[in-house]
Amino acid sequence: MNIGEDELAAFNAVVKMCLKYMSENHNRERKVIEFKPPKDILNEMNIKIEGDACGITGILGELQKSLDYSMKTGHVRFFNQLFAGTDKAAIIAEWLTSVMNTCMFTYEVAPVFTLMEIEVVEKVKQLVGWKDGEGVFAPGGAHCNMLGMIAARHSFDTNIRKVGIFNHTNTICFTSSHSHYTITRCCSVLGFGMNACHKVPVDRATGKIIVSELDRQMSEAIKNKKQIFAVCITSGTTVFGAYDDIDAVAQICNKYKVWLHVDACWGGSCLFSEKHKHLMKGCEKADSISWTASKCIGLPLHCSLLLLKQKGILYSCNSMQQDYLFHDHPEKNFDLGDKTLSCGTKVDSFKLWVSWKVHGDEGFKKRFLHGFEQAQYLTERIKSKKESFELVMDNPESLNVCFFFIPPSVRSLGNDDKQRRKKMSDSTEIIRRRMYLEGRTLSNYASIDGIEGTFWRMITCNLDAEHQDMDFVVSEIERLGNDL
């Protein structure tokens, strides 16, 4: 079908919208969000689908309002999530994948993209230190963790795939109390139940799993006739950004012959930096590793992959060999879809391939180092304002800076005073709501096991943020909380 005049006009209009939108992300006078309550958005936009066609040019006004009223995650002062910023090269790749509208299940329908995904996987394997093994892209870090846990279960007992888990009521896994919630969800989905996910405490000062306690609990579990199918640790925890000691945990897993999965979705990008790759020392000893390029190094969502040391296990535990799709043809060894759960995955690897070619290893390293440097600067700023702020962790080792704001009304009270601690916690959500409604910047908050109260969790992965933006967030919190 030819592109008509209306379609051409619409495409040109949307490209202009997008370019203007991206250019304004660097305008610090522009808001991160122009907040409107649900009723106002419903009044100002024609969201209801009524059945009558409006035509492609007739929808342009609603598209512009969608940009205007949505959260601007590429804004230079957006610090709310474990993603931020704008990778223009990867956005171009995203546009092209939508235009081509293909899928990654077979070489037949994605010959170029298949070879690109294989190349990207090889590059990431080199960062880890593996010569062999395999990998596959999946829609998000949670999905990658699930694939890793499925591989662990299959390695533990290949019969479970066919006959189920009915003979495995005593099968468990271990993870840290600060691991991502998807690990517990994996135990539920895999049929072992949420109670099968045993949480090992972390060191209060570092946020890292206590290795000696993991060893003790695993030894005790085995004595009690429990079967351990996996240990899941984290490189870059969601709240503190802590890196568990892979090397030490790998020794324990080797001792008990247990699969080791490393959730490096947030922190895996440290491998691009010679200075920081020690944070994942021993990662080559893991059995599976998940990593998300749409987090720390700023590619568009989603861009996540799972790596496995043992080649062939993904096919062994996921393949259904449906010949209506996976034909017996000369290129069948290049078909990737039968390795995954979703089969028909989007071409996410293309974004990473394009961005890597455009920016190179050095460009990705600079992105990680930039975020790390911003985190260090913010930490020092918080330390310098002891009357107004209190760090949760004195020396964060990633891009997560966690702290309390101390409201003026309780600054004269002692550090251990219960009223002071409660007011500090309560102020977090009050100020954050005010910040969201005003829309000049946005950071998030968290609470976690071992810390009393709710505190600020500032993420510094925004590719374009500078010291002035760190200063701005600090001053905004002070301004918005000055009456508390």
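Helix H5 (residues 111-128) lies across S2, S7 and S8 and runs at about 115° to S2. Helices (H or I, at least four residues) and strands (E, at least two) are DSSP runs numbered from the N terminus, and axes are lines fitted to C-alpha atoms, for helices over the stretch in contact, with angles from 0 to 180 degrees between N-to-C directions. The model is predicted: local features need pLDDT of at least 70, side-chain atom pairs count only at pLDDT 80 or more, and totals for chains, interfaces and linings use all residues. Residues are numbered from 1 along each chain as its sequence is written, and side-chain values use heavy atoms, with hydrogens and water left out.

Seven strands form an open sheet of mixed pairing in the order S2-S8-S7-S6-S5-S3-S4, where two strands pair if DSSP finds at least two bridges between them. Strand S2 (134-138) and S4 stand at the edges with a single partner strand each, so one side of each lacks a neighbour in the sheet. From one strand to the next, the twist averages 20°. Strands S7 (residues 288-292) and S8 (residues 304-308) run antiparallel and are joined by five bridges; Ser 290 has Leu 306 of S8 as its bridge partner.

Glu 213, Leu 214, Gln 217, Met 218 and Ala 221 are the buried residues of H9. Seen down the axis of H9, these residues fall within an arc of 130°, so they line one face of the helix; the arc is that of the directions from the helix axis to the C-beta atoms. Buried means under 20% relative accessible area, exposed over 50%, and partly exposed in between (1.4 Å probe, protein chains only). The buried residues of H9 pack against strands S3 (171-176), S4 (197-200) and S5 (227-234) and helix H10 (246-256), with contact meaning heavy atoms within 4.5 Å. Exposed Ser 212 and Lys 223 are on the face turned away from the buried side. Just after H9, Lys 225 has a positive phi of about 65°.

Pro 201, in the loop between S4 and H9, is partly exposed at a relative accessible area of 33%. Pro 201 lies 12 residues from Glu 213 in sequence and 7.6 Å from it in space, C-alpha to C-alpha.
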